[in-house]
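Here are my notes on the model you sent over. They are set out as numbered points, to be read with the coordinates open.

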Amino acid sequence: MKTILISLALVFSFQQVQAFQPILEQRIPLTLKNNSLKSIPLKIPGYMNPNLSPMSTSGVDLEIGQVVYFSFKGKKRVLLTITEDLAGKTLIVNELIKKREKELLLAKSKKG
């Protein structure tokens with residue numbers, strides 16, 4: 001009887017771990033697009049550091065929670081964090097950067 005209970009407990013524990021694992025490792029497919037005439041260097045820790053060529057498109061699969069960085073005034077800044085709602089979308093990176101730079105400049109002007 002003890003052997004059956006131990007086996008059931010192990011099976012139940014293993015099933016719980018399997019249920020949570022896909023959430024932690026879920027990858028989101030999306031497209032990064034550069035519509036500008038300038039190259040855009042990005043940093044994606046643990047994945048790659050793509051250099052988006054002018055007028056280019058790049059498909060990527062990134063984990064939920066992955067942070068994508070860009071350089072602004074010589075410093076690494078957060079461009080975006082990957083969420084489930086980005087699945088299958090095309091992100092216009094040059095427009096995201098322009099918007100993010102405005103946010104950073106606005107935040108700086110409010111501080112000082």
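**Notes on the predicted model**

1. Start with Val93. Setting aside neighbours within four places in sequence, Val93 is in contact with Leu32, Lys33, Ile40, Leu42, Leu52 and Leu79. Val93 sits in helix 2. Is Val93 buried or exposed? Its relative accessible area is 1%, under the 20% cut-off, so Val93 counts as buried. Take Leu79 from that contact list. Val93 and Leu79 are 14 residues apart along the chain, and their C-alpha atoms are separated by 8.8 Å.

2. Confidence comes next, since this is a predicted model. The protein chain averages a pLDDT of 85, and 78% of the residues score at least 70. The lowest confidence falls in helix 1 (residues 2–24), with a mean of 50. The highest is in strand 7 (residues 90–92), at 98. Residues 7–12 have a pLDDT below 50. Beyond near neighbours in sequence, that stretch makes zero contacts in the model. Please read helix 1 with that mean of 50 in mind.

3. Now the overall layout. The protein chain has two helices and seven strands. From the N terminus, the elements run α-β-β-β-β-β-β-β-α. Of the 112 residues, 25% count as buried. Take the contacts between residues at least 6 apart in sequence: 51% of them join residues at least 24 apart.

4. Four strands form an open sheet in the order 3-2-5-6, with antiparallel pairing. Which strands are at the edges? Strand 3 (51–52) and strand 6 are, each pairing on one side only. Strand 2 and strand 3 are joined by two bridges, in the antiparallel sense. Pro41 has Asn51, in strand 3, as its bridge partner.

5. The hairpin. Strand 5 and strand 6 (residues 75–81) run antiparallel and are joined by six bridges. Val68 has Leu80, in strand 6, as its bridge partner. Two residues lie between the strands of this hairpin.

6. Gln66 deserves a look. It is found in the loop between strand 4 (56–63) and strand 5. Why does Gln66 count as buried? Its relative accessibility is 18%, and the cut-off is 20%, so Gln66 falls under it. Leaving aside neighbours within four places in sequence, Gln66 is in contact with Ile44, Pro45, Leu80, Thr81 and Ile82. Leu80 is also the bridge partner of Val68.

7. The largest pocket. How much space lies in it? About 200 Å³. Its lining is made up of Ser36, Lys38, Ser39, Ile40, Pro41, Phe70, Ser71, Asn94, Ile97, Lys98 and Glu101. By class, that is four nonpolar, four polar and three charged residues. Strand 2 (40–43), strand 5 (67–72) and helix 2 (93–111) each supply at least two lining residues. Helix 2 gives the most, with four.

8. Two lining residues link back to earlier points. Ile40 lines the largest pocket and is in contact with Val93. Pro41 is in the lining too, and pairs by a bridge with Asn51.

Key
Residues numbered from 1 in each chain as written. Predicted model: local features only at pLDDT ≥ 70, side-chain atom pairs only at ≥ 80, totals over all residues. Heavy atoms only, no water. 1 Å grid on protein atoms, 1.4 Å probe; cavity = no way out; pocket = protein on both sides within 12 Å on 5 of 7 lines; lining within 4 Å. Points joined across faces, edges and corners; volume = space filled by probe spheres on them. Nonpolar A, V, L, I, M, F, W, Y, C, P; charged D, E, K, R; others polar. Pairing = 2+ DSSP bridges. pLDDT = per-residue confidence, 0-100. Contact = heavy atoms within 4.5 Å. Buried < 20%, exposed > 50% of the residue type's maximum accessible area, 1.4 Å probe, protein only.
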